[in-house]
Amino acid sequence: MNWDDTTETPAPERLVGSVADGEDQAVESALRPKDLGEFIGQEKVREQLDLVLRAARARGATADHVLLSGAPGLGKTTLSMIIAAEMGAPIRITSGPAIQHAGDLAAILSSLQEGEVLFLDEIHRMSRPAEEMLYMAMEDFRVDVIVGKGPGATAIPLELPPFTLVGATTRAGLLPPPLRDRFGFTAHMEFYEPAELERVVHRSANLLDVEIDADGAAEIAGRSRGTPRIANRLLRRVRDYAQVKADGIITRDIAAAALAVYEVDGRGLDRLDRGVLEALLKLFGGGPVGLSTLAVAVGEERETVEEVAEPFLVREGLLARTPRGRIATPAAWAHLGLTPPRSQAAGNGQQDLFGT
């Protein structure tokens with residue numbers, strides 16, 4: 001790393017306990033479980049992580065580096081905070097996109113305390129020079145700082161205190177093997193079952209001092225796309241509706257009415273999801289249609305359709321990706337109450353006019 005080529009300001013970071021921006025962020029932070037005993041779901045991950053942390057405490061050593069992968073909203077950030085709490089260590093939080101130079105990473109690493117937990121969100125988006133510096137920091141707790149340029153450049157080794165890196169990624173396949181192999185423990189976060197989300201909703205309602213019955217919790221959980229973050233967000237919106245339009249108690253009917261106002265249907269599809277399906281079915285006869293064409297029809301960016309709407313629609317069996325383009329499944333026609341054209345009903349598909 002060349003210190004002269006880096007910025008003087010460290011990469012943006014924040015310490016746990018700083019003031020959150022906006023009420024929703026503050027509420028979300030308050031709803032986070034504080035230890036593994038409070039954490040709901042991810043049974044295998046919790047059991048494995050508990051063994052890793054208990055063994056490290058018994059040895060009086062820092063925990064191994066941890067890699068958490070999975071879709072957004074499943075609890076990766078929460079688990080990183082729990083790791084710090086279980087180890088009795090402070091935590092520092094930053095993200096891959098914030099580390100654009102090796103000097104950014106060096107500034108963070110050199111300021112860590114012994115045993116501190118460094119949480120690096122979206123680790124796959126870190127710059128290559130910083131990534132290469134991280135190899136040595138994780139393995140040998142050392143970085144080499146290069147001072148000067150050309151033949152006169154000098155490498156100065158900088159010893160680091162033992163620390164635990166917790167990396168989080170939504171796209172584990174983009175991590176290079178040398179980085180992935182340096183993590184002592186890796187875990188993949190799965191989507192939640194409805195019963196687990198019901199427990200999440202009940203716990204959050206209790207913390208928010210909101211009265212909710214079992215049917216109301218089940219209604220919210222069933223529309224939460226298998227994601228605790230979405231469950232908590234929907235609960236807050238249903239709470240608002242119950243306070244303004246009802247007596248403050250969340251029942252199944254109140255939850256259903258509230259989520260209808262916020263355009264979340266019985267399967268958890270929102271405005272964008274239904275817009276994609278309606279365009280695919282009504283404008284293109286169920287496909288196949290190219291992603292760019294579909295995005296223009298919906299009035300959204302290609303990346304928004306591909307990264308926000310499509311994963312859930314594919315997982316729900318409402319949309320399929322094929323070499324010829326996106327096609328609707330019979331379940332999509334049934335969900336929107338439409339009748340597929342004869343050609344699609346017979347399995348012949350549509351003429352490929354749009355590509356992929």
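**View 1. Surroundings of threonine 77 in the predicted model.** Leaving aside neighbours within four places in sequence, threonine 77 is in contact with Arg32, Phe119 and Asp121, where contact means heavy atoms within 4.5 Å. Threonine 77 belongs to helix α3, which spans residues 76-87; helices (H or I, at least four residues) and strands (E, at least two) are DSSP runs numbered from the N terminus. With a relative accessible area of 16%, threonine 77 is buried; buried means under 20% relative accessible area, exposed over 50%, and partly exposed in between (1.4 Å probe, protein chains only).

This is a predicted model, in which local features need pLDDT of at least 70 and side-chain atom pairs count only at pLDDT 80 or more, while totals for chains, interfaces and linings use all residues. Residues are numbered from 1 along each chain as its sequence is written, and side-chain values use heavy atoms, with hydrogens and water left out.

**View 2. Surroundings of leucine 31.** Leucine 31 is placed in helix α1, residues 23-31. Its relative accessibility is 5%, so leucine 31 counts as buried. Residues up to four places away in sequence not being counted, leucine 31 touches Arg203, Ser204, Leu207, Leu208, Asn232 and Arg236.

View 3. The secondary structure comprises 15 helices and twelve strands. Of the 356 residues, 46% count as buried.
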